[in-house]
Amino acid sequence: MQAPLSLVPETSSSLLSGLLQGRFAAGLGLAFGSLPASVQITFAIVFGLVIGSFLNVVVHRLPIMLERAWRAEISDAINEPPQNDGLPARYNLWVPRSACPHCGHVLSAWENLPVLSYLLLRGRCSACNAHVSLRYPLLEIASAAFAAGALALFGPTLTALAAFGLCAALLAMSAIDIDTHLLPDSMTLPLLWAGIIVNFNGMFASLHDAVLGAIFGYLVLWVLYWLFRLVRGVEGMGYGDFKLLAALGAWLGWAALPQIVLIAAVTGAVVGLAATWRGRMRFEEPLPFGPFLAAGGALTLFLGTPLYRALGG
Ligand SMILES: [Zn+2]
């Protein structure tokens with residue numbers, strides 16, 4: 001007679017392998033897939049809006065949380081109490097509740113609805129009348145568009161959910177890069193791991209291509225960075241850009257990298273020249289490169305690599 005204890009690891013490992021093979025998720029997908037298409041797309045849009053609303057919180061709070069952690073480390077190292085930054089001691093993505101950055105008015109539930117609240121309040125705080133940035137609803141709409149797009153392209157599958165996860169992360173990182181010229185390790189590195197994991201059974205690329213993608217994604221920009229530094233003495237990119245391209249390589253495979261870099265370089269150059277021409281920026285000023293890499297990644301996710309076919313004839 002077998003010892004009952006041996007059942008435990010066996011069950012959990014078969015559950016794990018079942019999860020990895022997507023049986024459970026496939027079941028959920030099947031249930032969702034049996035709903036009418038209009039219900040599915042409505043659900044995707046609402047889900048995208050809600051996630052977009054959360055992304056706004058991430059974009060606003062994550063840089064503050066990181067800066068706080070750095071300050072705490074420094075004051076710890078030099079043995080001085082940290083400066084009071086006027087924020088509550090417990091400050092993370094979940095607490096405190098969202099408030100107007102101008103007057104501190106805590107948002108009620110109906111003031112916190114994605115897009116709708118912005119429209120109802122006409123883009124102003126209900127307490128102090130301060131302008132609410134248009135970026136909040138725009139990010140929510142972009143998130144909803146990605147959710148609907150992923151469902152339309154990949155159907156009611158785990159692949160669609162993963163694709164939307166990638167897009168949501170790219171949206172948040174782009175906004176953070178624009179705001180702070182930083183691509184936090186706490187986002188780029190988990191995204192890289194997530195890319196390896198989703199491709200464990202070849203969701204977007206074979207595991208082999210994903211690993212090579214992560215390696216070459218990092219190396220390509222690292223080499224360019226050092227060439228630029230040695231030849232021209234300028235730093236065009238940061239290490240966060242290398243990690244982001246490594247993550248995109250892990251998600252989409254190494255073959256996607258040339259197209260992603262080309263899209264990023266061309267769109268980056270166009271936007272950079274336009275900004276310089278309009279006098280918004282000096283030529284030497286570094287442009288955050290993350291949003292352009294993200295755009296290259298998202299376009300490649302949805303369109304594949306038509307550029308290669310066009311170039312290959
Ligand atoms: Zn206010």
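Helix axes here are lines fitted to C-alpha atoms over the stretch in contact, and the angle between two helices runs from 0 to 180 degrees between their N-to-C directions. With that in hand, the predicted model can be walked through from its overall make-up down to a few individual residues.

Read from the N terminus on, the elements simply go α-α-α-α-α-α-α-α-α-α-α-α. Of the 313 residues in the chain, 30% count as buried. Contacts also reach across the sequence, as 71% of those between residues at least 6 apart join residues at least 24 apart.

The UniProt record, an unreviewed entry, puts the annotation "transmembrane region" on residues 37-59, 144-175, 187-204, 211-228, 248-275 and 287-308. Two of these spans can be set beside the model. Residues 144-175 are 91% helix and 0% strand, with end C-alpha atoms 16 Å apart.

Next come the helix pairs, starting with H3 and H6. Helix H3 takes in residues 37-77 and helix H6 residues 158-180. The two pack at an angle of about 35 degrees, their axes 9 Å apart, and H3 passes H6 in a right-handed crossing. On the H3 side, the residues in the contact are Ile-51, Leu-55, Val-58, Val-59, Leu-62 and Pro-63. Facing them from H6 are Ala-168, Leu-171, Ala-172, Ala-175, Ile-176, Asp-179 and Thr-180. By class, this contact of H3 with H6 holds 11 nonpolar residues, one polar and one charged.

The second pair is H7 and H9. Helix H7 (residues 185-198) packs against helix H9 (residues 239-252) at an angle of about 15 degrees, with the axes 7 Å apart. Angles under 35 degrees count as roughly parallel, so H7 is roughly parallel to H9. The crossing of H7 over H9 is left-handed. H7 brings Asp-185, Thr-188, Leu-189, Leu-191, Leu-192, Gly-195, Ile-196 and Val-198 to the contact. These meet Gly-240, Lys-243, Leu-244, Ala-246, Ala-247, Ala-250 and Trp-251 of H9. Sorted by class, the contact of H7 with H9 has 10 nonpolar, three polar and two charged residues.

A few spots in the loops have backbone geometry worth a look. One is the cis peptide bond that joins Val-95 and Pro-96, where omega is about -10 degrees. Pro-96 belongs to the loop between H3 and helix H4, the latter formed by residues 116-120.

Further along, Arg-122 has a phi near 50 degrees, a positive value in a residue other than glycine. Arg-122 is found in the loop between H4 and helix H5 (135-154). Is Arg-122 buried or exposed? A residue is exposed if 12 or fewer other C-beta atoms lie within 10 Å of its own; Arg-122 has 9 such neighbours inside 10 Å, so Arg-122 counts as exposed.

His-181 also has a positive phi, about 55 degrees, although it is not a glycine. This histidine, His-181, lies in the loop between H6 and H7. With 14 other C-beta atoms within 10 Å, His-181 is partly exposed, because partly exposed residues fall between the cut-offs of 12 or fewer for exposed and 20 or more for buried.

Terms used. Residues are numbered from 1 along each chain as its sequence is written. This is a predicted model: local features need pLDDT of at least 70, side-chain atom pairs count only at pLDDT 80 or more; totals for chains, interfaces and linings use all residues. Helices (H or I, at least four residues) and strands (E, at least two) are DSSP runs, numbered from the N terminus. A crossing is left-handed if the near helix is turned anticlockwise from the far one by less than a right angle, and right-handed if clockwise. Two residues are in contact if their C-beta atoms, placed from the backbone, lie within 7 Å. Ala, Val, Leu, Ile, Met, Phe, Trp, Tyr, Cys and Pro count as nonpolar, Asp, Glu, Lys and Arg as charged, and the others, Gly among them, as polar. Angles under 35 degrees count as roughly parallel, over 145 as roughly antiparallel, 65 to 115 as roughly perpendicular and the rest as oblique. UniProt positions are given in the numbering used here, feature names are shortened, and annotations may be inferred rather than shown by experiment.
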